[in-house]
Amino acid sequence: MIGRLNHVAIAVPDLEAGARPYRGVLGAFVSAPQALPEHGVTVIFVELPNTRIELLEPLGDKSPIAGFLKKNPAGGMHHICYEVDDILAARDVLKNSGVRVLGSGEPVIGAHGKPVLFLHPKDFCGTLIEIEQA
């Protein structure tokens, strides 16, 4: 069911400051910021040959990562995203296996314009997991 690693997401208090070492020191391509008001974040992607790093900055007071940054003011790893071929089939297998799907359980459109779901971190060694339809 699980496909390739799509991205590792890192919450940051300041996107430009977070992007600076990737763009400057490491010489990576960094995308332009993309506001996602429906998700309460602004994101940029650091493009690597085999995956991406997603940097997340809170957008608005109700941002889901605002609480994360209160606990981790310097930022830190927020989630890991894996691709799946069929998100609804993956969701059903996961739920039938006892994995908790966050939110309504219905996919929403993510930053790449594809359906995504998030899985409870307590079901994956304390790591928030995002699955995205490939």
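Which residue in β5 is the bridge partner of V8? The partner is I53. The structure is a predicted model, in which local features need pLDDT of at least 70, side-chain atom pairs count only at pLDDT 80 or more, and totals for chains, interfaces and linings use all residues. Residues are numbered from 1 along each chain as its sequence is written, and side-chain values use heavy atoms, with hydrogens and water left out.

Strands are DSSP runs of E with at least two residues, numbered from the N terminus. Two strands pair if DSSP finds at least two bridges between them. Strand β1 covers residues 2–11 and is joined to β6 by 7 bridges. These two strands run antiparallel. Within this pairing, I2 stands opposite V84. β1 also pairs with β5, in the parallel sense, over 5 bridges.

β6 and β9 run parallel and are joined by 6 bridges. β9 is also joined to β8, by 4 bridges in the antiparallel sense. Here L117 stands opposite I131 of β9. Burial was assigned by relative accessible area (buried under 20%, exposed over 50%, partly exposed in between; 1.4 Å probe, protein chains only). In β9, 5 of the 6 residues are buried.

The loop between β8 and β9 holds C125. C125 is not a glycine, yet its phi is positive, at about 55 degrees. C125 is exposed, with a relative accessible area of 82%.

The largest pocket holds about 480 Å³ of space, a volume being the space filled by probe spheres set on the points. Its lining has 28 residues, and H39, P64, V116, F118 and E130 are the closest to its centre. Strands β4 (41–47), β5 (52–58), β6 (76–84), β8 (115–119) and β9 (128–133) each supply at least two lining residues. By class, the lining has 14 nonpolar, 9 polar and 5 charged residues. Ala, Val, Leu, Ile, Met, Phe, Trp, Tyr, Cys and Pro count as nonpolar, Asp, Glu, Lys and Arg as charged, and the others, Gly among them, as polar.

Key. 1 Å grid on protein atoms, 1.4 Å probe; cavity = no way out; pocket = protein on both sides within 12 Å on 5 of 7 lines; lining within 4 Å.
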